[in-house]
Structures are given as structure tokens and as C-alpha cells.
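Dear colleague,

Please find the structure below, together with its sequence. My notes on its salt bridges follow.

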Amino acid sequence: MSQNMEEGKVKIYHERQRLQFCLLHSLNNLFQGKDTFTRSDLNTIAETLDVDDPNRGSWNPVSFVFRPHHNEITGNYDINVLIAALQHKAKTVVWHDKRNGASSIELDGTDDRLMGIILNVPVTKFSGLWRSRHWVTLRCIQGVWYNLDSDFAAPYAFKDTQQFREFLDRIITAGAEVLLVMNDKQ
């Protein structure tokens, strides 16, 4: 399920969570477009990564579903699929050194190098019985930073850069990985 939200005059594309396809939703939310990436695109990338892996293990009956870089049925794509998908769109990923905190991220850059931020956050459900991770996109659209988490019913607009930095510091402290998505220099 996806929706275009009108925040004032700004149209914001926001895809909602389905199964474990949060990376797919995060990428489409990042690029602000339906089907910028499809499930088929990400599966192809994951399968290519598997074929190209020199340390590839032998096949077994569960290999059909639980692939090294994704789950064939539910999604659950890993960081390698994210990096390869972004490279296809001339983007690079810079892993933020969380020891430096959010203050070291250039959020107000005038060179338009930072396209957005993708978080990989820890998730605990069912009284701690289920632990996993979730992909979340943060994007600045017309000067306003938005949390485009596919688990949210609608995008969340941060009131200013200070509130956004405080959010990033809290999420880093909680164990999130922060990935800066950079536009390649032309």
C-alpha cells in the first residue's frame, strides 16, 4: 500500500509496510516513487550477489527460501542488497561512525551531496521473543526532514534540524546503524 501525502503544498510519497519488505519500501520512499525498485529488482540483485560470492556454500533444502541476502518469500533483504541497489542509481552509501553522534552529519549542506539517510534499527516484539531489524528512510524534502518509516501510517515531519539531530542521537544510542545515502559527484 502506498500513498501520496500533501504536507502543505509538498507531495510526499510514502509506502507502507508489507511482510518484511521494509528495504523495498525504504528505497521507494527514498526516491519518492512507486516501483523505483520492485521486489523482482531486489531479488535479482540478491541472487546476483549470491552467484558472485566466492565463499558461497553448498545448496540445501532450506536454501530455496532462506537465501544469503534475502528471504525468498518475505523479503528481509540485507545491507549488501541496499548498497548494490543504490549503486544502480549512482548513489553511494557512507556508514556513519556513530561514535561521532548526529552533530557530525552535514544536514544543511549546500552541495546536495546528501540525498537522505537510511537507518537499520533493532526491533523487539512479542515480549522479546522476536528480534529483528527494520529499514527506515529519512529524507529532506523542500527543506523539511521527514521520517518515512513504512510502519508509520503517514510521514512524520520534524519541526527543525535540531529536533531531527536529537532524534538521530536517540536512535543511535538505541543501536541503530546510520547509513548516509550520497549523490555521486558529477
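Arg 99 is exposed, at 74% relative accessibility, where exposed means over 50% relative accessible area, buried under 20%, and partly exposed in between (1.4 Å probe, protein chains only). Its salt-bridge partner is Asp 97, with the closest N and O atoms 2.6 Å apart. Asp 97 counts as partly exposed, with a relative accessibility of 30%.

Please note that this is a predicted model, in which local features need pLDDT of at least 70 and side-chain atom pairs count only at pLDDT 80 or more, while totals for chains, interfaces and linings use all residues. Residues are numbered from 1 along each chain as its sequence is written, and side-chain values use heavy atoms, with hydrogens and water left out.

A salt bridge is taken here as a side-chain nitrogen of Lys or Arg within 4 Å of a carboxyl oxygen of Asp or Glu. By this rule there are three salt bridges.

Another of them joins Lys 98 to Glu 177, at 3.0 Å between the closest N and O atoms. Lys 98 lies in the loop between strand 3 (91–95) and strand 4 (114–125), and Glu 177 in strand 8 (residues 177–183), so the pair ties together parts that are 79 residues apart in sequence. Strands are DSSP runs (E, at least two residues), numbered from the N terminus. Lys 98 is partly exposed at 34%, and Glu 177 is likewise partly exposed, at 22%.

Lys 34 and Asp 35 also form a salt bridge, with the closest N and O atoms 4.0 Å apart. Lys 34 is exposed at 56% relative accessibility, whereas Asp 35 is partly exposed at 47%.

With kind regards

Notes:
Helix = DSSP H or I, 4+ residues; strand = E, 2+ residues; numbered from the N terminus.
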